[in-house]
Amino acid sequence: MTKLTIVANIIAKADKVELVKTELLKLIEITRAEAGCISYDLHQDNENPAHFMFYENWETRELWQTHMGNTHLEQYMAATEGAVEQFILNEMTQIA
């Protein structure tokens with residue numbers, strides 16, 4: 001079975017960058033401890049501090065979907081409601 005790579009781009013509203021960043025950082029430790037999580041890395045754009053990107057690798061899509069249903073993600077969504085301008089998630093498979 002091939003691992004699943006997730007690329008999630010989050011664009012915070014200009015006046016909510018620090019709030020979104022704080023809430024995203026809260027996800028790191030708990031997610032890295034989850035079953036199936038190979039890597040869970042958060043990046044911030046050097047030119048646009050409102051742009052965050054998660055680069056994640058999971059053992060299986062099923063384990064990633066379990067992660068997506070966890071309480072800490074619900075808490076993140078509640079805490080950042082109205083603070084995110086754009087959210088784009090891509091499920092990727094490494095081909096080379």
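**A walk around helix α1**

Let's start with helix α1: counting 1.5 Å a residue, its 16 residues should span 22 Å, and its end C-alpha atoms lie 23 Å apart, which agrees (the expected span is 1.5 Å times one less than the number of residues). Helices here are DSSP runs of H or I with at least four residues, strands runs of E with at least two, numbered from the N terminus.

Keep in mind that this is a predicted model, where local features need pLDDT of at least 70 and side-chain atom pairs count only at pLDDT 80 or more, while totals for chains, interfaces and linings use all residues. Residues are numbered from 1 along each chain as its sequence is written, and side-chain values use heavy atoms, leaving out hydrogens and water.

Now look at which parts of α1 are tucked away. V17, V20, E23, L24, L27, I28 and T31 are buried, meaning under 20% relative accessible area with a 1.4 Å probe, protein chains only. Their cover includes strands β1 (4-12), β2 (37-44), β3 (51-58) and β4 (84-92), along with helices α2 (61-68) and α3.

An α-helix has 3.6 residues a turn, so residues three or four places apart point the same way.

Next, hop over to helix α2, where you'll find L63. With a relative accessible area of 25%, L63 is partly exposed (that is, between the buried limit and the exposed one, over 50%). Setting aside neighbours within four places in sequence, L63 is in contact with A35, G36 and W58, contact being heavy atoms within 4.5 Å. L63 and A35 sit 28 residues apart in sequence, yet their C-alpha atoms are 6.8 Å apart in space.
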